[in-house]
Structures are given as C-alpha cells and as structure tokens.
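I opened this entry to note what I looked up, starting with the cores and then turning to the chain contacts and the fold.

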Amino acid sequence: MDFTFMWETFRQLLTGVPLTLNLAFTSVAFGAVLAMMLALMRMSGIAVIEMIAKAYVFVFRGTPLLVQIFLIYYGLGQFRPTLQELGLWTFFREPYWCAILALTLNTGAYASEIIRGGLQSVPYPQVEAAKAAGMSGFLLFRRIVFPIAVRQALPAYGSEIILMVKATSLASIITMMEVTGLAAKMISQTFRAVEIFVVAGVIYLILNFAITRLIMALEWWLSPHLRRPPSIEPRIEAAHV
Amino acid sequence: MNLFKALTLALLGSTLAIGGASAQGKTVKIATEGAYAPWNFTGAGGKLEGFEIDLANDLCGRMKVQCEIVAQDWDGIIPALNAKKYDAIMAGMSITDDRKKVIDFAGPYANSPNGFLVAKNSPLAKMPGTGEAFNLGTQTAAAEKAIDAVKPLLKGKTIGVQGSTIHSNFADKYLKGTAEVREYKSTEAHDLDLSAGRIDAVLADATAIIGTLEKPEFKDYVLVGPSIVGGLLGSGVGVGMRKEDQELKKSFDTAIQAAIKDGTVKKLSLKWFQIDTTPLS
C-alpha cells in the first residue's frame, strides 16, 4: 500500500462527491413525494387505485436498478422521434436526468412500502382519541398520524437513503462521472485497482457515516418522549469531606 | 504441530506442482472483450467471433497449445491479467507506454488509425483532414496541426469515446476544453447514443467504425477526420501478457511473425475489416 498515492487518489475522487450526493439527494427528494403518493394510493381503499400502486411497486422493486437504468437511458433513446414529438427529448437526452428518473422511480417503490408500514403502525386508540377530541381529516393526519408514522418509518427510511447513495454508483454506466466512475477512470490510467477501490469504498463509508449520524439526530429530535428526563445530579462532594 | 507443518508443506508442494504445470503453457487462457466488433464480439449464437478470435485460434495452432478464449469487461482487463485470471489479452489493445509499465506485449499483429463517426447531415461531416494520415509519434507537428484544424468545428459538441482506451487518452489530451467528452463502457454503448442523438460524434478506431457502418441503422453516418496513429495512440495492437511470462511472449512473437509472413493476418484483416491492417515491420 502506497499511502501518498492513496491520499492523491482520495483528493481526486472527492471531486466526484458533489455529483454522487446530488444524484442521491435529488432522487430521494423526488422519490419521497412519489412514495407518499403511492402509500396513500395503497391505503385509499379504492380497488383500482390500490392495484395500480401495487403493480408499480411490484415492477420497480422486482427488477434490478441496473436494468431500469439501461431501459430508461438506452431503451428510450431508441424512441427519439416519438419523444421529440412529445417534447420530452430535452429531458431524456441528458444522462443526468435519466439517472435521476431511474433512481427516483426505484426509491419511490421501496420507500412507499416503508411509509405504508409507518402509517399502518399508528395505534388505532390514538386516532380514536384524536377523533374524540374533535380532530378529523388533514388536521388529524398532520397532528397525530403523520408524526407517529414518521418516527416509526425513520430507521428503515434511513437505510433506504444509504442504499440510494450506494446506488448512484450505477450512474457511471451512463457516463456520469461520480465517485465510482472517476475510480474506474483512474484505474484505467494507473492499473492500481485495489488501492483505488479501497479509497472509493472509504469515501462511501464517510458519506454514509455522516448520513447515519444525521438520521440519528433526527430520530432523537423527533422522539422527546423516549429521552431520559434530565435528573438532578446528586451531591457527592459532601461524602469526601 | 509437526503434522500440521507437514500437511501445509504437502499442500504447498502440490499447489506449486499444479502451478508449474500450467506455466508450461499446455492451455493458454486468452481474454477478449466480446463487445468490439469486428475485432471481437459475441455473435448471434452467443459465441465469440471476430478478427481476433480467428487469429487467436491460428496462433495457438502455430504455438501447438490448447487455447481457451474468455470474455472480460474492458475496464478490468489488465488488472485481471495481473491477478492471473488468464494468461493473455487479445482485445484490440494498442501497445502504449502506459500499458507497458504494467504488462508486456507480443506483436503488434495489427495497426489501424482512429477516426470520427458522425451523421452525414451533421456539420461535422465536412471535417478537415478527412483522408489524410499522420503519425503522432514521428510527425508530431503536422499531426497536431491537423488536430487543431478540426477543433473549431468540434467547439461545444459532445464526443463519445470508450473509457480506458487510447481514444479516451487522445480526447483528454487534445479535445478536452474544446468539446464535452463522455466516456462509455463499450463502443456499442457510444454507437447507441450517437444514433439516439445524445452525442454529436464518436471518436474510435477506424476499423471499429467501419464495423459499425455496416449495420443498417448507421447507413446515414460516415467516417471522417484525419487518420492518426503513433504517439499516445500506441504502436499497433498486440497480445498483452504478464511481464514474467517471457516464454509465452516469445512463442506469441514467433507465431505472429509467421502469421504475418504467410499472409494469414492480411487475409483475416480483409475478411473482417475490408482493409489491410497488417503492421509494417
């Protein structure tokens, strides 16, 4: 192991971190909206809408992300005239937006199940109590159901965000030069696969470490009722006298 | 403790014996990419075909060894050779100084220039220097002048190259800052994106471009630009092998020389490329 080389590699790979984070967070943000819609569709109680959401989750959770990226990027590339007529080609022309779309559709499917689990775990007595207090509709959802559901879903959702950070490495196959793409390019120039991939792995670890800490902080902030109450320090100095 | 030692030694001995036997070159495992038509590609039946597959079989016959040809992704092809996953590479790999630092080459068995693949109706189709040939190694000034002449036309365009190739090195050195360069995993991938209109031109080996032009969906495309060889584009295509395998290198070199001399290389080259890519010796 050549540490000066690895340090140099680390510095070069860092230039790919903004794109990695950009892809991960943009798609998680769009994906969260999609997931919320899908979860509400699943729980709507209307058979047709439920079926649509179920089918969507089945397809996007059941196929590899790599295949989805290929289909969206190279597959839709074959239908350029149709897409141009629809005015969608400016979107699909760019590898960045194709990557965002694939990642969003994918995380939407996974996260919708996480959100559904959170919403369904809200204890019914609490909803009933809220109703008895005169809350209903959006107010009930905003004040009671949503805060409890978010607390329940957050640990699983944190995993999903971490999975998305790692999933961005697949964007390198459609020419996006994020951390993995840069690593592959550096290997082709130096042929030192082990050192470069070790450094790339360390970068992902650092990113995901930061993300897990942020999510833990969010969990702590959202669950004041689980924290230990501040206790008064017993006076032990007196014993030494 | 003693038993353990004896066992370890016995195991070590047998491993060495097996390793030694394969180093004699009874079976030579050759890696190719399988996605670089017409050099090497996966045919309709799922079998590897192409110029290098035919040539490899011919060379193995001359060396009187059994050969096994395996497919390996391009961007890991050199690290996997040094990790002993196979013994040689025949994958349209140009002999360059950078690669020579980590592996050795037998040959060359082919030499072909690069070029741009563009749509016939694109402004790039009128690229200056088309039909002219330069050697970047020996006529550096003239070749660089020809490259500079092309630059104004490429300003603001997007060019696709295969990553980890002499073409991506060429693009990095001469075209970065002028055009946007996108790196693809295979030539098939950048061809698809050219036909989809995501990129304006492909920079690749002329033989690979000729192979692409044979496909019906590329009938409205054309090969343009100056033909450049040498310099950072390397000195022809050779068989890559580990530095310590000097025996294997020697037998490949002899076989390649024989195949060039009796016209086999020329015959195969005309069969697959329609042009003669036999290196000048």
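Predicted model: local features only at pLDDT ≥ 70, side-chain atom pairs only at ≥ 80, totals over all residues.

I then checked it against the domains of chain B: domain 1 (20–111 + 236–273) and domain 2 (114–233) each supply at least three residues.

I picked B:Ile159 and listed its contacts, leaving out residues up to four places away in sequence. The list includes B:Ala201 and B:Leu203, along with B:Leu154, B:Ala171, B:Leu175 and B:Ala179. B:Val181, B:Ile199 and B:Asp200 complete the list.

Next entry, the interface. I counted 15 residues of chain B in contact with 13 residues of chain A. On the chain B side, the elements that contribute two or more residues are α3 (77–82), β11 (180–184) and α7 (187–196). By type, this side of chain B has six nonpolar, three polar and six charged residues.

Last entry, chain A as a whole. I found twelve helices and zero strands. The C-alpha trace of chain A spans about 70 × 65 × 25 Å along its principal axes. I recorded 31% of the 241 residues of chain A as buried. Of the chain A contacts between residues at least 6 apart in sequence, 76% join residues at least 24 apart.

Definitions and conventions: Residues numbered from 1 in each chain as written. Chains lettered and ligands numbered in written order. Domains from an automatic or database assignment. Contact = placed C-beta atoms within 7 Å. Helix = DSSP H or I, 4+ residues; strand = E, 2+ residues; numbered from the N terminus. Nonpolar A, V, L, I, M, F, W, Y, C, P; charged D, E, K, R; others polar. Buried ≥ 20, exposed ≤ 12 C-beta atoms within 10 Å, placed from the backbone.
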